[in-house]
Amino acid sequence: MGSRRRKPGEFARHVAVVALLLATAVGCGDAGGLEGAGATPTAVGPARLWPELTPASSPAFAIGEVNTEVVKGVKVPGDDIRRVDPVGVVRAEIAASPGDYDGDKAPYRETNRRMADCGQGPEHGRCPVLRPYYRDLTGDGHDDLTLGFQLLPGRTTAVRVYTVEKHRLVRVMAWEDALSGVELAGRSLVIRSPSEVAGYEYRLQWTWDPDQRAMLLTQDEMLRTGPRQHSRHPSAAPSVSPSASTG
C-alpha cells in the first residue's frame, strides 16, 4: 500500500487524541489528572507581500539610531564615573542647547530655573535632576551612569546613559518621554510609557552594542497592561490568506 500524506493539522489532532486517551487511562476519576486540550489550530506561515519591489538599501528618514556625544566641560576624576557630578552633567547639556532652556519661550525654561535648587545635589528641593543609578551596562567591568531629569514645565522626562572612554564622559543613549517606569535589566535599559490606547503601554528597550559603542533601540513594543475586554462578536478572519492572493 502506498503512503498517505497527512492533511494540515492532522498530526496535531492525533497527538491531542492520544493525550486524552492517556489521561482517561491514567487519571480516571482523579480531578488532578491530565486532560485533553482539544484540537490545535493549524499553523499559518508568513506571506511575503509585493515581492516585485526592489529592497531598499538606505533608510528613508534619519532617526539617529546611534546617539553618542562627548560631554564637554565635565571631567572624570580617576576615570571613575561615580565621582562625576550628576548636576554638572545636566548643566553641561543645558549649556550645549541654550535654545531649549534659556528664555521665557524656551520649551524647558522651568528646568533651567530650578537648576538653582540643585546646590545640595539631585532630588533636593525643587531640583529637576533625579537620583543617579550606576551599573556596568557596557561590559567593561566599570560602572556606567544612568541619569534622568525633568523637562519642565511639561510632563516629559529626559533619560540619559553615560560611559567613560579615553578619560572622557560620553553620552551613549538619550531619550525623552512621559514615563510610567524605567528599569535596568542586565546590559539593557527598559522604558515604559503610557499609550493613548486604554489598557496598553509602550515598552522600549536599549541594549549596549559593542560594535557601535552605543546603546541601541533593540525592542519597541506596545503591550497590554489592563484586563482583556472580550467582544460579543467573533473575531474577523485574517485579512491576508496564507497564499497572499492579490485577486
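1. Two strands pair if DSSP finds at least two bridges between them. Helices (H or I, at least four residues) and strands (E, at least two) are DSSP runs, numbered from the N terminus.

2. This is a predicted model, in which local features need pLDDT of at least 70 and side-chain atom pairs count only at pLDDT 80 or more, while totals for chains, interfaces and linings use all residues. Residues are numbered from 1 along each chain as its sequence is written, and side-chain values use heavy atoms, with hydrogens and water left out.

3. Strands E6 (residues 181-185) and E7 (residues 188-194) run antiparallel and are joined by five bridges. Ala185 has Ser188 of E7 opposite it. The hairpin that E6 and E7 form has two residues between the strands, and Gly186 in this hairpin takes a positive phi near 65 degrees.

4. Helix H4 (residues 109-114) contains Glu110. Is Glu110 buried or exposed? Glu110 counts as buried because its relative accessibility is 16%; buried means under 20% relative accessible area, exposed over 50%, and partly exposed in between (1.4 Å probe, protein chains only).

5. Contact means heavy atoms within 4.5 Å. If neighbours within four places in sequence are set aside, Glu110 is in contact with Arg126, Leu152 and Pro153.

6. A disulfide is a pair of cysteine sulfur atoms within 2.5 Å, and by this rule there is one disulfide. Cys118 and Cys127 are joined by a disulfide, with an S to S distance of 2.0 Å. The torsion about their S-S bond is about 100 degrees, so the disulfide is right-handed. Cys118 and Cys127 are both buried.
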